[in-house]
Amino acid sequence: MNPDALQRLLDERDIERALYTTARAMDDHDWSAVAEVFADDATGDLGTGPLVGSGAIVALIRSYLDACGPTQHLLGNVIVDVAGDSAVSRAYVHDLHLSADGAERFYTMGDYRDRWERRAGRWRIVERIKVNRAHVGPLESVFGG
């Protein structure tokens, strides 16, 4: 195998692992681990409007997940394309959120569309767009809104 192809495979694997690790960190409320994957100057839109900076992205995620009960973010159909020190990924996301008392459920079906850059030897998300295709359940009774 040529060295460039091998490096691309390793980069794709590193990005996939970062996606899965971040999904688990959200469910574990490990906010420092979530912040680690985003570049400090990352931008995003998680369905509520533009965000600038990793702090703003993590704060929005926390505003939802700290307000509900257990969650589970499942990723699938992950596609990663690497070109040197830049990459793009798409991953289906199906996330389940329970109310604090477990009586209500809220699901979303969507897509994470991420742009990545290798910075200081690590892959970081520089842009995350979450495209929500559908949701099921009462947002207000699960997140207290």
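Select Ile 61. Leaving out residues up to four places away in sequence, Ile 61 touches Met 26, Trp 31, Val 34 and Leu 46 (contact: heavy atoms within 4.5 Å). The model is predicted, so local features need pLDDT of at least 70 and side-chain atom pairs pLDDT 80 or more, while totals for chains, interfaces and linings use all residues. Numbering runs from 1 along each chain as its sequence is written, and side-chain values use heavy atoms, without hydrogens and water.

Now the largest pocket. Select Leu 46, Tyr 64, Thr 108, Lys 130 and Asn 132, the closest to its centre of 21 lining residues. A pocket is an open set of points on a 1 Å grid over the protein atoms alone, where a 1.4 Å probe fits, with protein on both sides within 12 Å along at least five of seven lines; lining residues have an atom within 4 Å of a point. Strand β6 gives the most to this lining, 5 residues.

Last, select Asn 77 in strand β3 (residues 71-83). Asn 77 is not a glycine, yet has a positive phi of about 50 degrees. Asn 77 is exposed, at 56% relative accessible area. Helices (H or I, at least four residues) and strands (E, at least two) are DSSP runs, numbered from the N terminus.

How values were computed. Buried means under 20% relative accessible area, exposed over 50%, partly exposed in between (1.4 Å probe, protein chains only).
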